[in-house]
Amino acid sequence: MKKRVFLGVCLAATVLPGVVMAHGPTRQKVTLTTEVAADPAEVWATIGNFQDMSWHPAVHSSTGENGNEIDATRVLTLGAADGPTISEILYKFSDEKMSYSYRITEVAVEVLPVTNYSSHLTVMPRDAGGSIIEWRGAFYRGYPNNDPPEELNDAAAIAAVTGVYQAGLDALTATFGAPGS
C-alpha cells in the first residue's frame with residue numbers, strides 16, 4: 001500500500017509541472033471612450049438600435065430580427081454588398097441606462113481574429129455637457145492553442161478590436177462634434 005501511494009505521488013510530481021506549463025490563451029479586454037458635444041439622448045437615438053449599425057464606417061449593411069429584444073440577432077456585412085459578415089446576438093439591453101451588450105456568434109478569424117467575443121456599448125452624460133461613449137469588449141485570440149501564428153495571436157486580436165472600436169468612435173465624434181468645438 002505504501003509503495004502505491006509513493007508511486008502515485010511520484011507520478012503526480014512528474015506530470016503536474018507539464019500540466020501547469022501547458023496553459024492556453026488568456027481573455028483579453030479592450031475599452032475605448034470618446035466624448036462628444038451632443039446630449040446622451042441624441043447619441044443614443046443614433047447608436048441605441050441594435051439592428052442599425054450604419055453609424056460605423058466599416059458596416060455596409062445590417063440585417064436582423066427581433067429589434068432590441070434579448071436574443072435579437074443581427075448580421076453585419078462589412079465593406080461592400082458582397083463583403084464578409086459578422087453574426088451577433090443581443091444579451092442585455094437598457095434604454096434607461098442607454099446601453100446594450102452582445103456576443104459574436106459567427107465570424108471568420110480572417111475577418112476579426114478573435115473567438116468568444118462579447119461587447120458592451122453605452123452612452124453616459126458628461127459632467128460639462130455632452131456625452132461619453134464607451135465601447136468595451138472581452139475576447140480570446142483567434143487561435144485557441146499555444147504558439148499561435150502572428151496574425152491570430154493576442155496582439156493581433158487586441159489591435160483588430162481596438163481598430164474597430166476606434167473607427168466607430170471617430171465616426172461618432174465626427175457626427176456629433178467634440179466638446180468645446
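Trainee: Which residue in β5 does F93 stand opposite?
Mentor: F93 stands opposite Y100. Keep in mind that this is a predicted model.

Trainee: And how do β4 and β5 pair?
Mentor: They run in the antiparallel sense, paired over 7 bridges. Together β4 and β5 make a hairpin with 4 residues between them. In that turn, M98 has a positive phi of about 50°.

Trainee: Back to Y100: what stands opposite Y100 in β6?
Mentor: That would be L121. β6 covers residues 114-125, and its pairing with β5 is antiparallel too, over 5 bridges.

Trainee: What about V109, where does that lie?
Mentor: V109 is in the loop that links β5 and β6.

Trainee: Which residues does V109 touch?
Mentor: Leaving aside residues up to four places away in sequence, V109 touches V114, G142 and L152. G142 is 33 residues from V109 along the chain, yet their C-alpha atoms are separated by 5.7 Å.

Trainee: Switching to pockets: how many residues line the largest pocket?
Mentor: There are 18 lining residues, and L76, L78, I86, L112 and V164 lie nearest the centre. Two or more lining residues come from each of β3 (73-78), β4 (85-94), β5 (99-106) and α3 (154-176).

Trainee: How much space is in there, and what classes are in the lining?
Mentor: The largest pocket holds about 200 Å³ of space. Its lining has 15 nonpolar residues, 1 polar and 2 charged.

Methods: Residues are numbered from 1 along each chain as its sequence is written. This is a predicted model: local features need pLDDT of at least 70, side-chain atom pairs count only at pLDDT 80 or more; totals for chains, interfaces and linings use all residues. Side-chain values use heavy atoms; hydrogens and water are left out. On a 1 Å grid over the protein atoms alone, a cavity is a set of points where a 1.4 Å probe fits but cannot get out, and a pocket is an open set with protein on both sides within 12 Å along at least five of seven lines; lining residues have an atom within 4 Å of a point. Grid points are joined across faces, edges and corners, and a volume is the space filled by probe spheres set on the points. Ala, Val, Leu, Ile, Met, Phe, Trp, Tyr, Cys and Pro count as nonpolar, Asp, Glu, Lys and Arg as charged, and the others, Gly among them, as polar. Two strands pair if DSSP finds at least two bridges between them. Contact means heavy atoms within 4.5 Å.
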